[in-house]
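The following exercises are to be worked through with the sequence and the coordinates at hand. Each task is followed by a stepwise solution.

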Amino acid sequence: MLFKKLLIKLALFGLVWAVVSVLPLSAFVDSADEIIKKVEYNLNGKTAVVELTMVVKTKRTERTMKMESYSIGNNKSFIKILYPGKDKGITFLKVDNSMWQYVPRIEKTIKIPASMMLQSWMGSDFSNDDLVKESSISEDYTKKLLEETDEEYRVELLPTEDAAVVWGKIIMAVSKMYYLPTTVQYFDEDDMLIRELAYTDIKPFGDRFYPTRWLMLPKEPQKAANKTIIEISNAVFDAEVDESYFTKRALKRYSK
Amino acid sequence: MFRLTGKIAWVSLARRRTRSVLVVLMIAVSLWGLLFMEGIYDGMVEQMINNAIRSDSGHISLFGGGYRLDPDLSRQVVDVAAVDDFLAQDSRVLSYVKRLKQDGLVATAHYSRGAAIFGVDLEVEERHGRLAGYLYQGEFSFGRRARGAIIGFKLADKLQVRIGSKIILSAQDRHSDVSAAPLKVTGILKTNNMAFDENAVFIADKKARQLLAMDEGVSQVAVILHDEAQIPGLQQELRRRFPHLEILRWDELYPALMQSRVMMEGFNLVTSLLIFCVAALGVFGVMLVSVLERLREFGIMLAIGTRFSQIRNIIFAESFFLGFIGFGLGALIGWGTLYYFMIYGLDLSMFGDAFDEFGMDAVTYAIIRPSYFVTALVAVTMATFLSVLVPLWVLKKAKPIEAINKN
Amino acid sequence: MLFKLALRNITAHKKRSSVTALLTAIMTALLVFSSAWIDGSHDTMIQSAVEIYPGYLQITGKEFRANPSYDHLIFDAAAIEQELAQNNDIASFGARFESFVLFSADEKAVGGMLTGIEPEKEVHLSRLSSSLKKGEYLSADDTNQVYIGHELAKRLKLGVGDEVAFVGSGADYSFAADNLKVKGIFQTGLFDFDANSAFLAKGYFDRIMVAENYATHFIVLPKRPQQAEELAAAIADNIGPQYQSASWNQTMAGLVKAMKLDSIFSYITLGIIFIVIFFVIMIYTFLAVFARIREIGILRAIGTTPKQILALLLLESSLLALISVVIGGLIGGAFAYYFHHNPIVFAGMEEQFKQYGLAASAMPTAFMPLVILRDMVVMFGLSVLSTLYPILKVNGFRPVEAIHHV
């Protein structure tokens, strides 16, 4: 009886193996997958508390903001604006696919409606949607290793059929030394480059390395003069983060 | 007797051939113009109404209570089964469709736009409103795995997408969370229902339910009837049966279209009156002159014992001959012209793209209504009758017998 | 000599002449009035659409109309203001700053336009102040007082005196948010506009939106609105290439197209009526000429050449046409004039008009002497043309035939 079960198991296994081995490029898929997984882990960690400065440049203005961000994995994050004084205390909460903001001046919590999700976030070249969704690369894309040099991997990310992402494809260059991205290029469906994100200035934080300068360059002609720079001044990874940050009440409570 | 009167009338018309031909032509041409105008304008208005009915409102639409003021997923038609039961069995109902609707956002890598998302069953929509007839590009299908979307052509233009392009649809679901789904454009519609062409994104009902987390309920049930005359009756009955639903006729949903129809009727009436007044004036002139010319002739006839009523009949007959031949000719040419435009349509696209802008089809298919001909016949009869009254009065006053001695 | 003869012939056949003349006159009056009506209703529709809010002439940053972002604003409003103040063809002007924000009365957020206006200038530039429904219109030194569209207020469940918050981004992309108090509620009748718009005094608006000396638009009211196009070009020359100056012809291209479409249908209808009229006049001339066929035969018999007779008949018909066209023109003109000052009111047609973005139901006719003259010339040509066939036909008879014609 037992023997029979074992036999069935073996047979099933064999079948699975057969299927897997006829899939082409399985070796590449695996390693590209692994690269991205490592990259994601290195960028997000289990939890992260980050202090950052965001500089938004347009044709005519330059604006600097400082903020603090708390996050658990991909799904929950809380952001609080520290500078400029006028905006101090504005908080954002993102849980799964929804986003709220609290504005102390009007003492109100507002849920960002679907129609606003693709609007620019605080005038930057990131959209609200970027903040909400950027994190799920390992789930939303199929990965393919395009090229391997001494320093870098170039990985092509194609959105899966079910992924609600606007991009046609993403090409990510990953540093071999740190398993961190160096540049990420976003294309539309016609392979036209729309924007490019560059990660530089890798520094150690605790037991991990982290890029401290992120530069987002829109490539569409009408936004050619714009750029957004994020500089990380401090980061703590995998420390205990209080769950209470990720409730709607926190928006007001931690605003001060 | 009648035959003789007719014969005399005919002969005297034939004697003044050019004149008679001109009058007949005039009546024919005015009738032709009138028919053309009525048929084309009515066709245009009915086409606009038809577009709205087929693509959206049906003859009657059922919505959840309060939905029209605040179109929220919480205000749906929930007792779908009861509505289904009633509509499926009612003999007045030709067909009906159920749609799930929610406002949301369509986006590509470059653009994003507000959109009205419709979860539909294409097969039912096709049977109901022949929706496939509005297909402008692509195919009338959501593809094998229902990942397709059929969108309005103006929306496609604004997003700069084509068949095969990917779009991301996002909307607030029933729990007011933002939910999103990727879709491929499989078809582009041109309904010439402005609101639709600018906003509509049709997706598979199943897909919409998934996106909006709606297991049951529909936003709108659109009903098309066999006979327009039964609309108010059915509306009353539906209201009685489903008091908590909002049940509206197409003309309540598209009041501007109903007004167009009423305005067009008024416009047609005024124009036909005008044309027939002018035509009557023409007949009047000819008859007056022909009576005056023949004073002597009539005098002799009276002198040899013809009764005045006979002469009156001759004059009436002449006038009616002119009128009816003109009517026959005009009706025939008018019918032919309208028939041609009913089959092939009148292409007004040479006047530019203004039509698209205002929800009109550039190609208008004429309508032929029996009432056009009946009204015209009545009008021609009236015109020919009225236009000889004065000549007859003149004739009576002129004492034709005395006229014999003139000249 | 010929002229006298023609005149005598006309007066000799009083009845016939007067019927023909009356017919032509009525037709002329009809045409004149129809043109006045078509032009007038179109002007009114355009005028009301333009005057409700968009204005006859808009000045924006060069790329703003194609791509309305904060990168294409007017960054030196004072300079534009100075420029416009010097222009003698301008009746008044004012700046606006439009921005898309989220309004929120409770948890529910509603997207809409929040616009900073110069309240006392706006009185002349748009119908905002006269569309007041409840409460009060804005004044220049108002602070967080908002003037809100009726339907937007309804969506947010607001009455006069209630509070509403908004969140948006300032001109420098910074965060902008404030609590506003409803000062007044307006209703222009344009549903979309009333369901999406709210206004603040620009002084206060500029402070919270960091938009001092900025504007998205300048709205200009020309002294002569008909010449908005020329004025727009002239202003464009003066303010430099980083700005765009466009008249309503460009800013409201859709409406212009709709009016064109409407004209096409009107003229098709008129065209058909004219064909009928053409026939009627032809028939009347035919009758008139043939009644005189003996007379013509005699004239020929005593040696008048066909050319002279042709000239005589044509002169007669032209004279008659002239008289009738003048009478008709005067009658039509009088009607056009009367309804110009006493517009026809279409009660219950508002829905139809709103579809075109209009909120007017009183339609004055246009009274333009030049157009009336044009129509008179057209009618004159048409009526003379319609007499040609009968005249040529009668002139084709040989004298003997003509004398014996019954």
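A residue is called buried under 20% relative accessible area, exposed over 50%, and partly exposed in between, with a 1.4 Å probe and protein chains only. The model is predicted, so local features need pLDDT of at least 70, side-chain atom pairs count only at pLDDT 80 or more, and totals for chains, interfaces and linings use all residues. Residues are numbered from 1 along each chain as its sequence is written, chains are lettered from A and ligands numbered from 1 in the order in which they are written, and side-chain values use heavy atoms, with hydrogens and water left out.

**Exercise 1.** Classify Glu62(A) by its relative accessibility, and describe the salt bridge between Glu62(A) and Lys57(A).

Step 1. Glu62(A) counts as exposed because its relative accessibility is 52%.
Step 2. Lys57(A), at a relative accessible area of 27%, is partly exposed.
Step 3. A salt bridge requires a side-chain nitrogen of Lys or Arg within 4 Å of a carboxyl oxygen of Asp or Glu. The side chains of Glu62(A) and Lys57(A) form one, at 3.8 Å from N to O.

**Exercise 2.** Which parts of chain A does the pair Arg208(A) and Asp238(A) tie together?

Step 1. The two side chains, Arg208(A) and Asp238(A), form a salt bridge of 2.9 Å, N to O.
Step 2. Arg208(A) is in strand β12 of chain A and Asp238(A) in the loop between β13 and α5 (248–253), so parts 30 residues apart in sequence are tied together. Helices (H or I, at least four residues) and strands (E, at least two) are DSSP runs, numbered from the N terminus.
Step 3. Arg208(A) is buried, at 7% relative accessibility, whereas Asp238(A) is partly exposed, at 33%.

**Exercise 3.** Identify the strands that pair with β13 (residues 227–237) of chain A, including β1 and β12.

Step 1. Pairing requires that DSSP finds at least two bridges between two strands.
Step 2. Strand β1 (residues 47–57) pairs with β13(A) in the antiparallel sense over 10 bridges; there, Met54(A) has Ile230(A) as its bridge partner.
Step 3. Strand β12 (residues 208–218) is also antiparallel to β13(A), over four bridges. Trp214(A) has Ile230(A) as its bridge partner.
Step 4. Chain A has five helices and 13 strands.

**Exercise 4.** Is Asp42(B) buried or exposed, and what does Asp42(B) contact?

Step 1. Asp42(B), in helix α2 of chain B, is buried, with 8% relative accessibility.
Step 2. A contact means heavy atoms within 4.5 Å. Beyond neighbours within four places in sequence, the contacts of Asp42(B) include Met264(B), Asn268(B), Arg369(B) and Tyr372(B).
Step 3. Tyr365(B) is 323 residues from Asp42(B) along the chain, with 9.3 Å between their C-alpha atoms.
Step 4. A salt-bridge network links Asp42(B), Glu46(B), Glu228(B), Arg261(B) and Arg369(B).
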